[in-house]
Amino acid sequence: MTLDPRRRALWHAMRLGAVWQTRGAGPAAAAPAVEPVTPEVESVTSEDAPATPAHAPAAIAVAPMATTTEPLPGGDGDRKARIARMDWEPLQAAVAACTACELCRTRRQTVFGTGHRQAHWLLAGEAPGAEEDERGEPFVGQAGRLLDNMLEAVGRSRRAQDPAAAVYIANVLKCRPPANRNPQPQEVALCEPFLKRQLQLVSPRVVLIMGRFAAQSLLGSDASIAQLRGRVHAIDLGGRTVPAIVTYHPAYLLRNLADKSKSWADLCLARQVGERRG
Ligand code: URA
C-alpha cells in the first residue's frame, strides 16, 4: 500500500501497524471467512477514510430493533417473547440447551458471550469459528486477537472490571456454522432473540456492530459496511434507544489491511458517542 505523507503520519500516529498486529498470527487464510468480500466492499479504497479519526456523526438513523414476525418452527410462536423476558442465568441456560436449528448437531458447545454485563460498550459479531466453538468464548481466534488489540488501543478490554473500560462481546449466532459458512436467514431468525436480549440486559451506552450479518440483524439493513459506517445509527431497545456504530469485521480486516484506518475511525467515533452519553 502506498501512503502519502499525511496518511503515513496518521498511520504511525495511530500505531496501526504495531498496535493491531495479531500475536502469533498465522496466514490470513486461516481467518474465518466471515466477511465475504463483496465487490462493493472491495472497491472501497483508503481514499474515503476520514481525514481525522475522530469525526462528528454525519447522520442519525433510528432503526427499531429488527425482529422476525413469523411463528417459529415447532409451534413455539411464544419463544421470542419468553426469551425477551429472561434474566441472565435462564438466558444462558436457554442458549446452552437450544436445539432450534440444525447447528446444534454440529457444534461442540454454544458460545454465549463474554465480558462485563454492565459494560458501556457492547460488541456484536457474527458467529463462532472453530476456536470459539472449542473454547466456548467469542473472538478467541486470530480475529479475536486483532479485536483485543484494537480495543486496547482505545482503552477498552473484555477483561476490565470497570464498566467504563469494559466491553461485552456476543455474536448473532451462538453456534458455529459448519466450515465457517455464512449464517442462513432461518438460523439468524431463530438465534437473534438471544443477542437482542443480551443487548437489553447490558443496556450499553454504545453498540459496535462488526460486519454485515450483525448489521443486518441489529439494524435490519442489507447495505454494505462501507455504506453504513461513519455515522451514528440508533437501536430501539423498547423504551430507550442506544447509539450504534457499524464497522468492518476483524476477520475482514485481517485480509484488508488498508481498511484498518477506517476501523480505527469507527472506534474513535464509538468512544466519542459513548462518552457523550456518560
Ligand atoms: N467471528 C465472529 O463473528 N465471532 C466470533 O466469535 C469469532 C469470529
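How many disulfides does the structure hold?

1. The structure, a predicted model, holds 0 disulfides. C98 is in no disulfide, and its nearest cysteine sulfur belongs to C191, 6.2 Å away. A disulfide needs two cysteine sulfur atoms within 2.5 Å. For C175, the closest cysteine sulfur is also in C191, at 6.1 Å, which is too far for a bond.

2. On accessibility, C98 counts as buried because its relative accessibility is 16%. C175 has a relative accessibility of 8%, so C175 counts as buried too.

3. Turning to the aromatic rings, the count comes to 3 pairs. One of them is W88 with F112, which is edge-to-face: the centres are 6.1 Å apart and the planes make an angle of 80°. W88 sits in helix 5 (residues 88-96), while F112 sits in the loop between helix 6 (103-106) and strand 2 (114-115), so this pair ties together parts that are 24 residues apart in sequence. Both W88 and F112 are buried.

4. W88 also pairs with Y168. This pair is tilted, with 5.4 Å from centre to centre and 55° between the planes. Because W88 is in helix 5 and Y168 is in strand 4 (residues 167-171), the pair ties together parts that are 80 residues apart in sequence. Y168 is buried, as is W88.

5. Taken together, W88, F112 and Y168 make up one aromatic cluster.

How values were computed. Residues numbered from 1 in each chain as written. Predicted model: local features only at pLDDT ≥ 70, side-chain atom pairs only at ≥ 80, totals over all residues. Heavy atoms only, no water. Buried < 20%, exposed > 50% of the residue type's maximum accessible area, 1.4 Å probe, protein only. Phe/Tyr/Trp six-rings, centres within 6.5 Å; stacked < 30°, edge-to-face > 60°. Helix = DSSP H or I, 4+ residues; strand = E, 2+ residues; numbered from the N terminus.
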